[in-house]
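Please open the model in your viewer and keep the sequence panel beside it. The tour moves from one selection to the next, and each stop says what to look for.

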Amino acid sequence: MNIKGLHTQEKPVSATSLFKSELGNATAIQILQGGKLKEHITKTPALLICVEGEVVFENENGIKETLFSGDYIHIEPMVKHWVEGTIESQLILIK
């Protein structure tokens, strides 16, 4: 299955569960060009992987990273962060 096929073009940001277990989960995220995953906090460490496209990840500690296809970033727990799509992008979030 193609990760892109999990989403429609109707929303600037959409998320779909890929995998869940007792120990964690993986979520497919699509962010369209100009779409923004609003500021939020995660209670557990997470790993955000850019599968396709280009996004800008930022957090309240001043971290600002542009992620391209194949790039990833560790997300600290209890730190506000947000992600903006520079172009249409496909991501996987692992918690």
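Begin by selecting E5 and E8, which pair in the antiparallel sense over five bridges; bear in mind throughout that this is a predicted model. Within this pairing, glutamate 58 can be picked out opposite tryptophan 82 in E8.

Now widen the selection to the open sheet, in which four strands follow the order E3-E8-E5-E6 with antiparallel pairing. Strand E6 (64-68) and E3 are the edge strands, and because each has a single partner strand, one side of each is left without a neighbour in the sheet. From one strand to the next, the twist averages 15°.

Return to E8, residues 81-85, and colour the strand by accessibility: four of its five residues are buried, so the strand is largely enclosed by the rest of the structure.

Finally, show the side chains of the largest nonpolar core, which has 13 residues, and centre the view on Leu48, Ile75, Val83 and Leu91, the members that touch the most others. At least two residues of this core come from each of the strands E2 (25-31), E4 (46-52), E5 (54-59), E7 (72-75) and E9 (89-94), and E4 gives the largest share, three residues.

Conventions
Residues are numbered from 1 along each chain as its sequence is written. This is a predicted model: local features need pLDDT of at least 70, side-chain atom pairs count only at pLDDT 80 or more; totals for chains, interfaces and linings use all residues. Side-chain values use heavy atoms; hydrogens and water are left out. A nonpolar core is a set of buried Ala, Val, Leu, Ile, Met, Phe, Trp, Tyr and Cys residues joined through side-chain atoms within 4.5 Å. Buried means under 20% relative accessible area, exposed over 50%, partly exposed in between (1.4 Å probe, protein chains only). Two strands pair if DSSP finds at least two bridges between them. Axes are lines fitted to C-alpha atoms, for helices over the stretch in contact, and angles run from 0 to 180 degrees between N-to-C directions.
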